[in-house]
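Subject: Structure for you to look at

Dear colleague,

I am passing on the structure below, and my notes on it follow. Please read them with the model open beside you.

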Amino acid sequence: MEKIINAFLQEVSQRNTNEPEFMQAVSEVAQTVIPYIVANDIYHGKNILMRMAEPERVVMFRVPWIDHSGEIRVNRGYRIEMNSAIGPYKGGLRFHESVNLSILKFLAFEQVFKNALTTLPMGGGKGGADFNPKGKSDAEVMRFCQSFMTELFRHIGPNRDIPAGDIGVGGREIGYMFGQYKRLKNEFTGVLTGKGISWGGSLIRPEATGYGAVYFAQNMMETRGASFTGKNVVISGSGNVAQYAAEKVIQLGAKVLTMSDSSGFIHDPDGIDEEKLGFIMQLKNMSRQRIDKYVEQYTNASFHKGEKPWGISCDIAMPCATQNELDAADAKTLISNGCYCVSEGANMPSTPDAILHFHSNNVLYAPGKASNAGGVAVSGLEMAQNSLRYSWTREEVDQRLQAIMKDIHQVCASYGKLKDGINYEKGANIAGFVKVADAMLAQGVV
Ligand code: NDP
């Protein structure tokens, strides 16, 4: 089996040189999906995983814009249209200085499996630009978003490709991009998700990824008769996903001990309660400052410059910042401090070695493609509401989100069942694969 997997990975790697994140994502899927393909005749001789590892289309474009001092800047924009077998391309846009083809292809590849798990009819895509919104004025961000959309608009559409937010793209950026799309096309359609409530957005969309990751963890813990009540939770990040993961954790009666940004993490031994989380939301979403301001306000807390929060003892860890933020050493530390549940809010935050440690120590481990699927699921519900020209209530959307996360847990548990537990990574990969692969086989060689 190892020979077959290695031969496959070698071929993918030859076609995708210098794309380490993309290869990491493909390799992680190949380890569990290739044995499944070998065991199931219908997938033989179809080169199906190779077809899934090749984007249907990649668009790369120049994004020129003028900064506040009148200088002309140039960034690079991308859209990866990875797979449309089960629906139009769907996936976020990332604005971060680290953005490149490898990172967006890994995200687009993961998105295909994730969207399939939601049970909604959405293919997979991802895009973004190597633009850093930090420190930019609203007017600069608007000019950048308008220039970005001036090219992107010809590749997307409500039945073709529907982008959303990701790192560096929140409500403000979606608003600027939606405005420019509407102006260019002269039509008001649900071409983006994560829109404002008064112009086609869905209630609970901002909360959905973070809430969903907590709901998934809740489902995993129930398999061991446990719950969030009274537990200690360590969270990384302080953006959209981290904020609402923290909110739900607090609502469920657990204690949030940490949050972070790229400058370091804060540790509050008394717990980050609702009021303190409100302070973080204001800090991050409105005044757009660094996380260390927290300790000026709450003096019992400490700031750990340049460090990650995984050394703080906890029951549950939720990496909600970025890829590869939790390595093997961090996994060992977490486990030795008693952590037994890891639910990924971010995409691919744990390195392959970290995941091996989780598996060999019987940690309840949820890969992002399953546990953070709540965001895209509610984006799918936003698309449905846009098509119906109707809005569901907060409670209705939250109930649908909870039901979807339960279903994702269920399907991962059934494909990932082991003699003595559940391998959610295997379950997520195979369940996502089966749905997309079956659609691809039915549609012929396209
Ligand atoms: P935001 O931009 O709102 O927040 C990102 C957070 O992560 C910030 O606190 C940021 O700190 C931190 N961060 C980003 N890059 C790094 C880095 N290289 N090192 C350390 N910290 C970093 O993004 P989101 O919350 O939307 O996204 C977070 C993760 O969740 C990403 O992996 C994303 O792909 C994933 N995700 C998001 C979904 C969504 O609906 N938004 C859906 C599914 C997955 P700083 O401000 O200092 O950069």
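Helices (H or I, at least four residues) and strands (E, at least two) are DSSP runs, numbered from the N terminus. By that definition the chain has 16 helices and 14 strands. This is a predicted model, in which local features need pLDDT of at least 70 and side-chain atom pairs count only at pLDDT 80 or more, while totals for chains, interfaces and linings use all residues. Residues are numbered from 1 along each chain as its sequence is written, and side-chain values use heavy atoms, with hydrogens and water left out.

Of the 446 residues, 57% count as buried, where buried means under 20% relative accessible area, exposed over 50%, and partly exposed in between (1.4 Å probe, protein chains only). Along its principal axes, the C-alpha trace spans about 60 × 55 × 45 Å.

I looked in some detail at helix 11, residues 328-336, in which Ala-328, Asp-330, Ala-331, Leu-334 and Ile-335 are buried. Viewed down the helix axis, these buried residues fall within an arc of 160° (taken from the directions from the axis to the C-beta atoms), so they line one face of helix 11. The face turned away from that buried side carries Lys-332 and Ser-336, which are exposed. Among what covers the buried residues are strand 10 (316-318) and helix 12 (352-360), contact meaning heavy atoms within 4.5 Å.

As for the ends of helix 11, Gly-338, with a positive phi near 100°, follows it.
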